[in-house]
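Please look over the sequence and the structure shown here before reading the notes that follow. They are arranged as a short briefing, grouped by topic.

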Amino acid sequence: MPRNVTAGLDGSPESLAAADWAAREALLRDMPLRLVHAREWEPYAYAPLGGVSVPRSVSDAHRDWAAHMPREAESRLARRYPGLRIGTDSMAEKPVPALLAAAEDADVLVLGSRGLNGVTGFLLGSVALAVVGRTTRPVVLVRAGERAEDEHLPDGAGVASTVTPYRDVVLGLDLRNPDDKVIEFAFDAASRRAANLRVLHGWSLPVSSRGYGGIVDPEYDAELTARVRHELSDVLRPWRAKFPGVEVNEQTVIGGAGSHLVDASRDAALVVVGRRTRNAQFGTHIGPVAHAVLHHATAPVAVVPHD
């Protein structure tokens with residue numbers, strides 16, 4: 001059974017932000033935090049000397065860095081979060097298999113993702129992309145610079161705060177395949193934060209709803225919209241009963257869900273999307289919605305695998 005929150009650590013600003021986010025999540029879940037560092041993971045920034053590239057994997061500086069960086073990160077988190085149980089594992093293998101193995105014992109695996117700016121959002125590196133596409137456990141991607149106060153609403157003066165209520169948790173829900181794992185993860189995240197849950201479903205009008213000349217029949221449009229909203233309410237009804245303390249806001253939108261979830265991420269504590277697992281021998285498959293959100297969302301993103 002999963003029994004911790006695990007963060008992948010490579011010393012980069014984004015991985016340190018991910019470890020900090022994972023520490024807060026571990027406290028919310030009353031679980032220990034596990035920091036995992038693969039010793040074959042090259043340091044994020046080891047500049048060439050005098051214009052000559054230095055092999056990082058064999059340098060003395062690299063060995064010193066690999067030995068001390070995880071312990072320094074553990075000490076920093078212990079000071080910041082007194083009482084948090086923290087363990088550190090350093091594995092002599094490549095990062096992708098190390099993280100996939102570590103994820104098997106985790107409620108959540110948390111990884112850093114390089115942030116470009118507020119418009120372009122994430123730049124998903126090869127390690128994060130491979131892990132997200134292959135693991136069977138939920139993965140949360142966190143950008144460099146993510147702070148605890150970013151998850152909360154500003155105070156009355158508009159100042160960032162950690163004592164104000166959490167921003168919404170946003171769930172992208174596919175009504176064609178509304179998997180329980182994805183829904184439960186989002187409700188649980190909102191419940192632990194005492195946050196509202198905003199559930200967003202994107203859909204498109206069928207061609208049959210258009211009359212002569214491609215004009216949409218407004219009555220049929222309204223009927224279809226009501227039908228989709230009713231279906232969404234039916235799917236969420238048992239989860240509302242299971243999590244009665246979570247305020248749920250249902251939203252159906254015309255068009256692909258990806259762009260709407262990216263917009264919603266600008267005022268969210270966390271965005272939750274699903275990823276269908278595939279028995280593919282090569283490559284990674286995360287789906288178009290998850291792909292769009294992972295590359296452009298400005299809030300942390302949880303990707304929950306499901307059958």
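How many nonpolar, polar and charged residues does the lining of the largest pocket have? In this predicted model, that lining has 14 nonpolar, 10 polar and seven charged residues. The points below begin with the chain as a whole, then turn to the nonpolar cores and return to the pockets.

**The chain as a whole**
- The protein chain contains eight helices and 11 strands, and of its 307 residues 48% are buried.

- In soluble globular proteins, nonpolar side chains tend to be buried together.
- The largest nonpolar core holds 50 residues, and the members that touch the most others are Leu33, Val110 and Val272.
- Another core, of 34 residues, lies apart from the largest one and has Ala38, Val96, Val132 and Val301 among its members.
- Once neighbours within four places in sequence are set aside, Val272 is in contact with Val169, Val170, Leu171, Gly172, Val182, Phe185, Ala186, Ala302 and Val304.

**The largest pocket**
- The space in the largest pocket comes to about 770 Å³, and of the 31 residues that line this pocket, Leu173, Asp174, Leu175, Arg176 and Val289 are the closest to its centre.
- At least two residues of this lining are supplied by each of strand 8 (197-203), helix 6 (218-242), helix 7 (257-265), strand 10 (268-276) and helix 8 (288-296).

**The second largest pocket**
- The second largest pocket has about 300 Å³ of space, and its lining is formed by Arg29, Asp107, Thr136, Arg137, Pro138, Lys181, Glu184, Phe185, Asp188, Arg192, Val304 and Pro305.
- Two or more residues of this lining come from helix 5 (180-193), and likewise from strand 11 (301-306), with helix 5 giving the largest share, five residues.
- By class, the lining of the second largest pocket divides into seven charged, four nonpolar and one polar residue.
- Phe185 and Val304, which are among the residues lining the second largest pocket, are also among the contacts of Val272.

Definitions and conventions:
Residues are numbered from 1 along each chain as its sequence is written. This is a predicted model: local features need pLDDT of at least 70, side-chain atom pairs count only at pLDDT 80 or more; totals for chains, interfaces and linings use all residues. Side-chain values use heavy atoms; hydrogens and water are left out. On a 1 Å grid over the protein atoms alone, a cavity is a set of points where a 1.4 Å probe fits but cannot get out, and a pocket is an open set with protein on both sides within 12 Å along at least five of seven lines; lining residues have an atom within 4 Å of a point. Grid points are joined across faces, edges and corners, and a volume is the space filled by probe spheres set on the points. Helices (H or I, at least four residues) and strands (E, at least two) are DSSP runs, numbered from the N terminus. Ala, Val, Leu, Ile, Met, Phe, Trp, Tyr, Cys and Pro count as nonpolar, Asp, Glu, Lys and Arg as charged, and the others, Gly among them, as polar. Buried means under 20% relative accessible area, exposed over 50%, partly exposed in between (1.4 Å probe, protein chains only). A nonpolar core is a set of buried Ala, Val, Leu, Ile, Met, Phe, Trp, Tyr and Cys residues joined through side-chain atoms within 4.5 Å. Contact means heavy atoms within 4.5 Å.
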